[in-house]
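Keep the model open while you read.

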Amino acid sequence: MPDQISLTFLGTAAGRPSPTRNVSSLAVKIDSKLWVFDAGESTQHQFMDARCKLSMGKTEKIFVTHMHADHVNGLPGLLCTISAGEGSVQQGEEDPRIAQSQSIPPTRIYGPSGLRLFLRHCLALTHSTLTRPYQVNELLFPDEEEETGALHPSERPGENIRCDDEGFWRGIIEEKGMRVDVGPILHTIRCLGYLLVESPRPLPIVPSLYTPHLTLPENASALKSQGISNPLTLLSTLQTSREPLTLPNGTILTPPEMGGRGRRILVLGDTFDATPLLPLIESLSSDIDHAHSLYKNDPVKRESLLDLVIHESTNAFLPLHDASQSSSKPNPPSLESVSQLAREHGHSTPQVAGNFARLVKTERLVLNHLSVKYPDPGDEPLAGEEEEENKKNWRGMLREIERQAEESWLGEGNEKREGGEWRVTTARDFMEIEIPRRDKVTGDGGKKEKQKKKAK
């Protein structure tokens, strides 16, 4: 299981970049490796920005939610940069980079139908050769055909993965204590949501509960005759093997219980309705989470199925901050008309995101894919009263978007921060979020008592 999981938003704008936001991209750091979700134009530039603490070369996997340009146009350039693809040969000459790449593991890419052809054409027409190869694995709906054309010289064969009978792609990745499940969400074209699920991890072993049994003279002597000079080394065996251990005097030592559920993060592409994912999320059992004892005073965490949901919130009704929505305008818009327009364009409002957060029982919600009408005010003061007034209005916009989503999720009267933690926030470029290990959050949580029952 990974120790560290953190997220860095590389682009948070909807549709097109703005002076304060780039188009969509998100990097999830899992220990030392990076999993990138979407790669809008200039994603490679965002990696190189001084505000970004990540190394682009650590990108191991890339996940694409859908084939709209603001989510994929940066992918060819990103591959070329992380693959050191510079250089060329004369026409007709053999390119040595092809041979050099044969032993290098490929960058694994997952996404919808069409992604493989998109990359082949872009790389072929720009005569791009990669020293780190790539592999595209397409997630196919039942009515979609498999693409069987010729590989690009830098491409390795990928899988065509069909959804199951329920319409989901379960376990497209299962490695190092992490699983990735995928499901469809509703947009103007076919679009995907990615669910990252960490496996439960064993509770830490408490040596004081086992040492008295291991060091009993009758046990220690018998173990020494078996070649185990230090009986305490069996603590490591007990923790790693997960098998009960019978001592020479008949005492049975059982390993620590598995802890509560691991971390769970849901990354959504563009959508006006992500509820098709509900059966996939509801299938995640939380009955081993011990959450009722660990989070007694926090109903959101106590009942949670997910740690974090990243949901788009492209449009919002902000008549006090958005001059185009002012009541002084002829035929001013309403919440209903703004919501309807967002839906027609395949997008969501804060209310849609908040309602979804409630349905999936998440602990936290990040609102992403924000209209260019909602700039990021940043932290640095601007010279001049007019500029500062603009930034004040921008902050007001984002606070109101957060408030609307939280009200739809938790109802009126809930504080944004409970116990010093936030529930809803709007994303900004280079914002970092760490998802702490759940066994590191709340202290002992009764673990010693549980283990006392296991060492008999």
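Is the crossing of helix 3 and helix 5 left-handed or right-handed?

1. The crossing of helix 3 and helix 5 is right-handed. That word applies if the near helix is turned clockwise from the far one by less than a right angle, and left-handed if anticlockwise. Helices (H or I, at least four residues) and strands (E, at least two) are DSSP runs, numbered from the N terminus.

2. A word on the source. This is a predicted model, where local features need pLDDT of at least 70 and side-chain atom pairs count only at pLDDT 80 or more, while totals for chains, interfaces and linings use all residues. Residues are numbered from 1 along each chain as its sequence is written, and side-chain values use heavy atoms, without hydrogens and water.

3. Back to the helix pair. The axes of helix 3 (residues 75-82) and helix 5 (residues 115-125) cross at roughly 65° and come within 10 Å. Axes are lines fitted to C-alpha atoms, for helices over the stretch in contact; angles run from 0 to 180 degrees between N-to-C directions.

4. Helix 3 brings Leu75, Pro76, Leu79 and Cys80 to the contact (heavy atoms within 4.5 Å). Helix 5 brings Leu115, Phe118, Leu119, Cys122 and Leu123.

5. Two strands pair if DSSP finds at least two bridges between them.

6. Strand 10 (residues 178-185) and strand 11 (residues 191-198) run antiparallel, joined by 8 bridges. Gly183 stands opposite Gly193 in strand 11.
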